[in-house]
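Colleague: I have just opened this one and would like a walk through it. Could you start with the sheet and then let me jump around?

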Amino acid sequence: MIPSTISIKVEFGGGLELLFSNQRTHRVTLPARIPESRTDEENEKAEEQRQETAEGRPIDIEYLILWLRDNLLKERAELFVENGTVRPGILVLVNDTDWELEGEGQYQLKDGDEIVFISTLHGG
């Protein structure tokens, strides 16, 4: 049976923690699946299939980024998110591996994952 929630560790570094209440580490619990956006016609078809499959798609980093923006970010969203993903200059690691090797935003999160966001941009 698919769990209804997953728990992950999220860390911020390189100054990003300043945007998140000056807290480097957060433990968050998220839904394991997220509802798909559908048209009315698609909703009717989905209603027929609801008994057969779990509702929604597996949670991914793309969803996590927007969830962090909407729920944990305290100021200046433009320094974290741009065009629905992290802005250029932010390194994302999935369990100590560059997210580019894991599928970037499409990486499906698993219970116990550790996601790290590090700003590589420095003022000066």
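**The sheet and its neighbours**

Modeller: The strands β2-β1-β9-β7-β8, in that order, make up an open sheet of 5 strands with mixed pairing. Strands here are DSSP runs (E, at least two residues) and helices are also DSSP runs (H or I, at least four), numbered from the N terminus, and two strands pair if DSSP finds at least two bridges between them. β2 and β8 stand at the edges with a single partner strand each, so one side of each has no neighbour in the sheet.

Colleague: What packs on the sheet?

Modeller: Helix α2 packs on the sheet and touches β1, β2, β7 and β9, where contact means heavy atoms within 4.5 Å. The direction of α2 makes about 60° with that of β9, with axes fitted as lines to C-alpha atoms, for helices over the stretch in contact, and angles running from 0 to 180 degrees between N-to-C directions.

Colleague: Before I go on, what am I looking at, and how are things counted?

Modeller: This is a predicted model, in which local features need pLDDT of at least 70 and side-chain atom pairs count only at pLDDT 80 or more, while totals for chains, interfaces and linings use all residues. Residues are numbered from 1 along each chain as its sequence is written, and side-chain values use heavy atoms, with hydrogens and water left out.

Colleague: Okay, β7 next. Is that strand mostly covered or open?

Modeller: Strand β7, residues 90-94, is mostly covered, as 4 of its 5 residues are buried; buried means under 20% relative accessible area, exposed means over 50%, and partly exposed lies in between, with a 1.4 Å probe and protein chains only.

Colleague: How many bridges join β7 to β9?

Modeller: There are 5 bridges between β7 and β9 (residues 114-119), and the two run antiparallel. Val92 stands opposite Phe117 of β9, and Leu91 faces Ile118 of that strand.

Colleague: And what about β8?

Modeller: β8, residues 97-98, runs antiparallel to β7 and is joined to it by 2 bridges, with Leu93 opposite Asp98. The two strands form a hairpin with 2 residues between them, and Asn95 in the turn has a positive phi of about 50°.

Colleague: Switching topic: is Leu66 buried or partly exposed?

Modeller: Leu66, which is found in helix α2, counts as partly exposed because its relative accessibility is 27%. Leaving aside residues up to four places away in sequence, Leu66 touches Val81 and Gly84.

Colleague: How far is Leu66 from Phe80?

Modeller: Their C-alpha atoms are separated by 9.9 Å, and the two residues lie 14 residues apart along the chain.
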